[in-house]
Amino acid sequence: MTKYDVLTVGNAIVDIIARCDENFITDNGIIKGAMNLIDAERAELLYSRMGPALEASGGSAGNTASGVASFGGRAAYFGKVASDQLGDIFIHDIRAQGVHFETKPLAGTPPTARSMIFVTPDGERSMNTYLGACVELGPEDVEEQVVADARVTYFEGYLWDPPRAKDAIRECARIAHANGREVSMTLSDSFCVHRYRGEFLDLMRSGTVDIVFANKAEALALYETEDFEEALRRIAEDCRLAAVTMSEEGSVILTKGERTKVDAISIPRVVDTTGAGDLYAAGFLYGYTAGRSLADCGRLGSLAAGLVIQQVGPRPLLSLAEEGRKAGLI
């Protein structure tokens, strides 16, 4: 038995979410559908131009940890906030979800990270992220016993932007594998893949990472191809297990000798796609660490992703355990 099913490691971010029209995206030079890294000055500018906004704790891996806990799984999280108002919000929210979170807050500057997320009428989210205190996450924040006690340690590709976080991830992978555990990552964003393609491939091919999550655009970017079938074939060769999401077309789960197609759930309307991939990973990893079939893991992922895109905000407002029981998956 392990103490934790899933440990996630990521950028601890508070999301500030507002609706906007397409012209706002164009007029402000925002890359639609991407995670745009910004500095403090641009963060203040965009915030001043936002309409009414909702503040919600986010950050990709934090969302995944919250999703695992909502399913009833045992989750832990590493991520760096500052000792400020947004940091207090983040700490409260993730602990209230039932996630173990004891990373020591940063005493001074920079402040807790925030992401201005603009949601267009089609439900697409465009993120503008000031990393703030996230860049201070380092090897000293790795709780060795927590890594050793987690069946899967999962991290976000976005962590390759703050440099010291890479060392923390490699230390987590070392501890996890030394204790017979597994390591997983999400590619996070196609622009992130373009920045770190070689390093991501090395993580997979070297065995540092066992399980990879990607969406279609990220898989194509990873192999610099427009042929999705080629991308699927190559990702299956490069890692032990991969799950590739395809929005309304569902997902495909790949090993070297097996391919499993899973449908997306039917939903009436997309409200906000923020957190869709994070919650897919949560459902998948909850099922995986419970010993479920790969098809069931994909179905649990599809359920969680389908539910979160029907609400505003990246963390589940409904009990995923209850919804899983209703769907006959738990």
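Q: How do H7 and H9 lie relative to each other?
A: Helix H7 (residues 190-205) and helix H9 (residues 228-238) pack at an angle of about 50°, with axes 8 Å apart, and are therefore oblique to each other. Here axes are lines fitted to C-alpha atoms, for helices over the stretch in contact, and angles run from 0 to 180 degrees between N-to-C directions. Angles under 35 degrees count as roughly parallel, over 145 as roughly antiparallel, 65 to 115 as roughly perpendicular and the rest as oblique.

Q: Which residues make that contact?
A: On H7 they are Leu201, Met204 and Arg205, and on H9 they are Arg234, Ile235 and Asp238. Contact means heavy atoms within 4.5 Å. By class, the contact of H7 with H9 has three nonpolar, no polar and three charged residues. For those classes, Ala, Val, Leu, Ile, Met, Phe, Trp, Tyr, Cys and Pro count as nonpolar, Asp, Glu, Lys and Arg as charged, and the others, Gly among them, as polar.

Q: Before we go on, what sort of model is this?
A: This is a predicted model, where local features need pLDDT of at least 70 and side-chain atom pairs count only at pLDDT 80 or more, while totals for chains, interfaces and linings use all residues. Residues are numbered from 1 along each chain as its sequence is written, and side-chain values use heavy atoms, with hydrogens and water left out.

Q: And what do the H and S labels stand for?
A: They are helices (DSSP runs of H or I, at least four residues) and strands (DSSP runs of E, at least two), numbered from the N terminus.

Q: OK, sheets next. What is the order of the nine strands in the open sheet?
A: The order is S6-S5-S1-S9-S10-S11-S12-S13-S14, with mixed pairing. Two strands pair if DSSP finds at least two bridges between them. Strand S6 (100-101) and strand S14 (259-262) are the edge strands, each pairing on one side only.

Q: Which helices sit against those strands?
A: Among them is helix H3 (residues 60-71), which packs on the sheet and touches S1, S5, strand S9 (150-156) and strand S10 (182-186). The direction of H3 makes about 165° with that of S5. H9 turns up again here, lying across strand S11 (211-215), strand S12 (241-245), strand S13 (251-254) and S14, at about 35° to S13.

Q: How do S1 and S9 run, parallel or antiparallel?
A: S1 and S9 run parallel, joined by five bridges, and Tyr4 stands opposite Ala150 in S9. S9 also pairs with S10 in the parallel sense over five bridges, where Glu156 stands opposite Thr186. On its own account, S9 has six of its seven residues buried, so it is largely enclosed by the rest of the structure. Buried means under 20% relative accessible area, exposed over 50%, and partly exposed in between (1.4 Å probe, protein chains only).

Q: What about Val6, buried or exposed?
A: Val6 is buried, with a relative accessible area of 1%; its place is in strand S1. Leaving aside neighbours within four places in sequence, its contacts include Val68, Val152, Tyr154 and Leu285.

Q: Switching topic: what does the sheet of five strands look like?
A: It is an open sheet in the order S3-S8-S7-S2-S4, with mixed pairing. Strand S3 (35-37) and strand S4 (54-57) stand at the edges with a single partner strand each, so one side of each is left without a neighbour in the sheet. From one strand to the next, the twist averages 25°. Strand S7 (residues 113-119) and strand S8 (residues 125-130) run antiparallel, joined by six bridges, and Phe118 has Ser126 in S8 as its bridge partner.

Q: Last one: how many disulfides are there?
A: The count comes to zero, where a disulfide is a pair of cysteine sulfur atoms within 2.5 Å. The sulfur of Cys239 is 15 Å from the closest cysteine sulfur, in Cys297, too far for a bond.

Q: Are those cysteines buried or exposed?
A: Cys239 is buried, with a relative accessible area of 2%, and Cys297 counts as buried too, at 0% relative accessibility.
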